[in-house]
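Please keep the sequence and the structure in view while reading.

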Amino acid sequence: MTAESGATEPGATEPGTTPGSATPRAPGASGETVLALKRRARRINRALAEQYPYAHAELDFRNPFELVIATVLSAQTTDVLVNQITPLLFARYPDARRMAEADPAELEAILKPTGFFRAKARNVLALCNRIVDEYDGEVPGRLEDLVTLPGVGRKTANVVLGNAFGIPGITVDTHFGRLARRFGWTQSDDPVRIESDVAGLFEPKDWTMLSHRVVFHGRRVCHSRKPACGACAVANWCPSYGMGETDPAKAKKLLKYELALGQEELLARLLAETHRAAEIRMESQRQQR
């Protein structure tokens with residue numbers, strides 16, 4: 001998905017404008033121009049970068065194969081749970097060829113804690129067989145190829161491209177979609193449309209890290225039911241401010257993970273050693289089991 005997609009035909013009206021209007025308006029934004037929306041969106045991204053300099057992919061992986069499998073397994077469960085079972089999974093089946101030959105019952109037994117394990121086992125086996133048969137055992141590095149793999153949609157494909165291949169992509173999961181709407185970057189519930197709307201606001205070089213930062217914020221601060229508005233780093237630029245707890249003291253009690261009360265030491269470590277953020281997070285999760 002590129003920022004240039006969706007160009008209008010000659011003589012057509014630009015999205016967000018009305019006939020005779022000289023200034024494009026942001027879709028659904030009351031009086032906000034497209035330029036103003038871009039500036040506000042990028043200010044939010046800068047603030048999130050300051051808040052989460054340690055943002056990273058929260059699924060543990062060492063190569064594209066491990067990441068695509070882990071991402072498929074993360075459907076309807078938590079990254080923490082997936083990270084608990086993947087060490088055993090990849091020790092037993094280290095590549096697509098070995099996993100394609102796995103006994104379905106043994107694979108199901110390993111995947112059972114993630115839920116929907118029978119369907120996931122079928123998807124994983126089909127995915128690995130496709131990688132072996134069509135791509136000589138190597139995970140493809142193009143979106144158009146990735147989305148043909150069983151269990152892989154645009155979200156998973158962008159996760160793999162951005163984090164395993166270094167190809168910019170916007171990952172629209174539940175958290176990203178929720179925050180994109182709250183920030184006024186889109187009004188859509190459709191992941192493909194959200195990806196397109198947000199892509200138009202940022203440079204491609206920012207897409208992958210933007211995805212991490214927004215997801216981090218959604219998990220820690222901007223919760224689905226009761227966002228911690230009073231403890232939010234982007235409150236000044238958020239049109240949805242006030243839908244959650246605005247009292248700073250009460251809002252701080254809603255924060256999660258390293259931002260939660262009592263996790264000051266963990267936060268300090270993450271801020272001091274951003275290059276080791278994934279390793280530090282893994283250590284913290286092991287200690288909490």
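Two rings of Phe, Tyr or Trp (its six-membered ring) form an aromatic pair if their centres lie within 6.5 Å. By this criterion, the structure holds six aromatic pairs. The model discussed here is predicted. The secondary structure of the protein comes to 14 helices and zero strands, and 46% of its 289 residues count as buried.

**Aromatic residues**

- Tyr52 counts as buried, at 1% relative accessibility, and Phe216 counts as buried, at 1% relative accessibility.
- Tyr52 and Phe216 also form one aromatic cluster with Tyr54.

**The surroundings of His56**

- His56 lies in the loop between H1 and H2 and, at 14% relative accessibility, counts as buried because the limit is under 20%.
- Leaving aside residues up to four places away in sequence, His56 touches His212, Phe216, Ala277, Ala278 and Arg281.
- With one of these residues, Arg281, the side chain of His56 makes a polar contact of 2.9 Å.
- The C-alpha atom of His56 is separated by 8.8 Å from that of Asn163, although the two residues are 107 residues apart along the chain.
- For the protein in general, 57% of the contacts between residues at least 6 apart in sequence join residues at least 24 apart.

**Nonpolar cores**

- The largest nonpolar core has 39 residues, and those with the most contacts inside it are Tyr52, Phe176, Trp185, Val198 and Phe202.
- At least two residues of this core come from each of helix H1 (34–51), helix H9 (174–182), helix H10 (191–199), helix H11 (207–220), helix H13 (264–272) and helix H14 (277–288).
- Apart from this core lies another, of 37 residues, including Phe65, Ala70, Val72 and Ala102.
- Val198 touches Ile170, Phe176, Ala180, Trp185 and Leu210, when residues up to four places away in sequence are not counted.

**Helix H2**

- Helix H2 is mostly covered, with nine of its ten residues buried.
- Those buried residues are Phe65, Glu66, Leu67, Val68, Ile69, Ala70, Thr71, Val72 and Leu73.
- Their cover includes H3, helix H4 (96–100), H5, H6 and helix H8 (154–164).
- The N-terminal end of H2 is capped by Asn63, which has a side-chain oxygen 3.2 Å from the backbone nitrogen of Phe65.

**Helix H5**

- Helix H5 covers residues 104–111, and Leu107, Ile110 and Leu111 are buried in it.
- Seen down the axis of H5, these buried residues fall within an arc of 95°, so they line one face of the helix.
- An α-helix has 3.6 residues a turn, so residues three or four places apart point the same way.
- The buried residues of H5 pack against helix H2 (64–73), helix H3 (79–92) and helix H6 (117–135).
- The face of H5 turned away from the buried side carries the exposed residues Ala105 and Ala109.
- Ala105 has a relative accessible area of 52%, and it counts as exposed because the limit is over 50%.
- Asp103 caps the N-terminal end of H5, with a side-chain oxygen 3.1 Å from the backbone nitrogen of Ala105.
- The C-alpha atoms of Ala105 and Arg118 are separated by 8.9 Å, and these residues are 13 residues apart along the chain.

**Cysteines**

- A disulfide is a covalent bond between the sulfur atoms of two cysteines.
- A search of the whole structure finds zero disulfides.
- Cys222 is in no disulfide, and the nearest cysteine sulfur, that of Cys238, is 6.2 Å away.
- Cys222 is buried, with a relative accessible area of 9%.
- For Cys232, the closest cysteine sulfur is in Cys238 at 6.2 Å, which is too far for a bond because the two sulfur atoms of a disulfide must be within 2.5 Å.

Notes:
Residues are numbered from 1 along each chain as its sequence is written. This is a predicted model: local features need pLDDT of at least 70, side-chain atom pairs count only at pLDDT 80 or more; totals for chains, interfaces and linings use all residues. Side-chain values use heavy atoms; hydrogens and water are left out. Buried means under 20% relative accessible area, exposed over 50%, partly exposed in between (1.4 Å probe, protein chains only). Helices (H or I, at least four residues) and strands (E, at least two) are DSSP runs, numbered from the N terminus. The arc is that of the directions from the helix axis to the C-beta atoms. Contact means heavy atoms within 4.5 Å. A polar contact is a pair of N or O atoms within 3.5 Å; within protein, one must be able to donate a hydrogen and the other to accept it, and residues adjacent in sequence count only if both atoms are side-chain atoms. A nonpolar core is a set of buried Ala, Val, Leu, Ile, Met, Phe, Trp, Tyr and Cys residues joined through side-chain atoms within 4.5 Å. Rings of Phe, Tyr and Trp (its six-membered ring) pair if their centres lie within 6.5 Å; planes under 30 degrees apart count as stacked, over 60 as edge-to-face and the rest as tilted.
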